[in-house]
Amino acid sequence: MALWRAYQRALAAHPWKVQVLTAGSLMGVGDIISQQLVERRGLQEHQRSRTLTMVLLGCGFVDYPDALITNYYLWPAVQLANFYLVPLHYRLAVVQCVAVIWNSYLSWKAHRL
């Protein structure tokens, strides 16, 4: 809980910087999930440069054109449920959890063989 409070204080003090770093971190986590859980590469075969690329893309918020339609199905539904069903203080956490799943999908989509 202390980590969450520290995040909230940093977000209040430096919203732009924290959001950029959060987006980049979530893209990196999504790529790690994609490589390890979806593609089952293992730690020896993990492509670190690919993870770094995803982090940098997340910091710049670049979307993949072929994933755009899926984006329009996912996020409006998530936000609709988030605003109507989730208490205010949990909304950011819900979006971040869905973002990890979304970023895993983007990483898989961008790096399919």
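Q: Thanks! Is the crossing where α2 passes α3 right-handed or left-handed?
A: It's a right-handed crossing. One thing to keep in mind as we go: this is a predicted model.

Q: Which residues make that contact?
A: From α2 there are V20, A23, G24, M27, G28, D31, I32, S34 and Q35. On the α3 side you'll find R50, T51, M54, V55, L57, G58 and C59.

Q: And what classes are they, in the contact of α2 with α3?
A: Eight are nonpolar, six are polar and two are charged.

Q: At what angle do the axes of those two helices cross?
A: At roughly 145 degrees, and the axes come within 7 Å. Helix α2 covers residues 15-38, and helix α3 covers residues 48-60.

Q: How far apart are the end C-alpha atoms of α2, and what span should its 24 residues have?
A: The ends are 32 Å apart. At 1.5 Å a residue, α2 should span 34 Å, so the two values agree.

Q: Which residues of α2 are buried?
A: Quite a list: V18, T22, G24, L26, M27, G28, G30, D31, S34, Q35 and Q36.

Q: What covers them?
A: The cover includes α1 (2-13), α3 and α5 (91-110).

Q: What happens just after α2?
A: There R40 takes a positive phi of about 50 degrees.

Q: Let's move to α5. Is Q96 buried or exposed?
A: Q96, which is found in helix α5, is buried, because its relative accessible area is 15% and the cut-off for buried is under 20%.

Q: What is Q96 in contact with?
A: Leaving aside neighbours within four places in sequence, Q96 is in contact with W4, Y7, T22 and L26. Of those, T22 and L26 are among the buried residues of α2.

Q: How about L92: what is its relative accessible area?
A: L92 also lies in helix α5. The relative accessible area of L92 is 34%, so it counts as partly exposed.

Q: What does L92 touch?
A: Not counting residues up to four places away in sequence, L92 touches W4, Y7 and L11. W4 and Y7 are also contacts of Q96.

Q: Zooming out, what domains is the protein chain divided into?
A: There's domain 1 (1-61) and domain 2 (63-112). Their centres, taken over C-alpha atoms, are separated by 14 Å.

Q: How many residues are in contact between them?
A: 17 residues of domain 1 are in contact with 14 residues of domain 2.

Conventions. Residues numbered from 1 in each chain as written. Predicted model: local features only at pLDDT ≥ 70, side-chain atom pairs only at ≥ 80, totals over all residues. Heavy atoms only, no water. Axes fitted to C-alpha atoms, helices over the stretch in contact; angles between N-to-C directions. Helix = DSSP H or I, 4+ residues; strand = E, 2+ residues; numbered from the N terminus. Left-handed = near helix turned anticlockwise from the far one by under 90°. Contact = heavy atoms within 4.5 Å. Nonpolar A, V, L, I, M, F, W, Y, C, P; charged D, E, K, R; others polar. Expected span 1.5 Å × (residues − 1). Buried < 20%, exposed > 50% of the residue type's maximum accessible area, 1.4 Å probe, protein only. Domains from an automatic or database assignment.
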